[in-house]
Amino acid sequence: MTSVGAQVVSPVETGHKVWQDQSFIKWRKRDPHVTLHCHESVEGSLRYWYQRNKVDHLVSNSAVWNDDAVQGALDCAAFWVKDSPFVQSLSGLWKFFLAPDPTSVPNKFYGTAYEDSEWETLPVPSNWEMHGYDRPIYTNVIYPFPVNPPHVPDDNPTGCYRTYFDIPKEWQGRRILLHFEAVDSAFCAWINGVPVGYSQDSRLPAEFEITDYCYPCGSGKKNVLAVQVFRWSDGSYLEDQDHWWLSGVHRDVLLLSKPQVFIADYFFKSNLAENFTYADIQVSAY
């Protein structure tokens, strides 16, 4: 891991302001694909989805909108990975520090030796403005910053996150993916001090392979996941609408375990007969 990591330098670490470079929207990010989780058997997969299909979605009508909602969100994240042997939720209370701009983030805060005991904690998923950091902004048709595309203000609040995780022994010899359901508006991530990717998209998932950067199963070492989130990016110019501007890791974060060779994506194409009596379905898997 050390030799591989020594060869990798995050574009953020070079000093280049990638968050306002229109030609740079991702780095080492896996292509988008359908949602695919591994199960230990066909029977296990069917059992899992049968149990989830019995969820009463009307319960959401009784959701609370106070501090109790935080624990409810974390319980929900845990529920959706329960009994799924090759998915692990990283949602929970992460260490958090908000810098006023990207140049003010703590030096090498993503490293394994960095001391974060003095940092506050922040729920993930959440928006940092809803927990006393920075401020939420509501606009309709006016941008909340000076219009000078693709540039955004130097006063660009930047969230620094850290959390720790173990790799289950059952994942020995398998590939490991780090999956963010959504982050606003741009971010980069490190595993054990090694940069694993950059993504700029506030409403879609971002996924990175981290197999080579995690400590071996059974090593006794906890892996460190660090994330740097930029409130504003050139993509913020595409978000102008009647809404609240909020920032952070605002959906679940998952670890996915895959076999060495796996289906990454699939497509269905149907051809309907002219008389509508039958249809052919072509399935392509990649």
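Are F145 and Y237 buried or exposed? Both residues are buried, a class that requires under 20% relative accessible area, with exposed meaning over 50% and partly exposed lying in between (1.4 Å probe, protein chains only).

The structure is a predicted model, in which local features need pLDDT of at least 70 and side-chain atom pairs count only at pLDDT 80 or more, while totals for chains, interfaces and linings use all residues. Residues are numbered from 1 along each chain as its sequence is written, and side-chain values use heavy atoms, with hydrogens and water left out.

**Aromatic pairs**

Rings of Phe, Tyr and Trp (its six-membered ring) are paired if their centres lie within 6.5 Å; planes under 30 degrees apart are stacked, those over 60 edge-to-face, and the rest tilted. The count under this rule is 26 aromatic pairs. Select Y48 and W49, an edge-to-face pair with 4.9 Å centre to centre and 90° between the planes. Y48 is buried at a relative accessible area of 4%, whereas W49 is partly exposed at 42%.

Then display F97, F109, Y110, Y114, W119 and W190, which ring pairs link into a cluster.

**Charges over rings**

A charge sits over a ring if NZ of Lys or CZ of Arg is within 6 Å of the ring centre and within 35 degrees of the ring normal. Select R52, which lies over the face of F79 at 4.5 Å from the ring centre. Continue to R174, positioned over the face of F86 at 3.7 Å from the ring centre.

**The sheet**

Colour the strands of the open seven-stranded sheet, whose order is β1-β9-β8-β11-β6-β3-β4 with antiparallel pairing; two strands pair if DSSP finds at least two bridges between them. At the edges are β1 (26–27) and β4 (120–124), each pairing on one side only. Within the sheet, β8 (residues 186–191) pairs with β11 in the antiparallel sense over six bridges. Pick C188 to find its bridge partner in β11, Q228.

**The annotated range**

Finally, select residues 88–259, listed by UniProt in an unreviewed entry as "domain: Glycosyl hydrolases family 2 sugar binding". Across residues 88–259 the chain is 0% helix and 38% strand, with the end C-alpha atoms 15 Å apart.

Terms used: Helices (H or I, at least four residues) and strands (E, at least two) are DSSP runs, numbered from the N terminus. UniProt positions are given in the numbering used here, feature names are shortened, and annotations may be inferred rather than shown by experiment.
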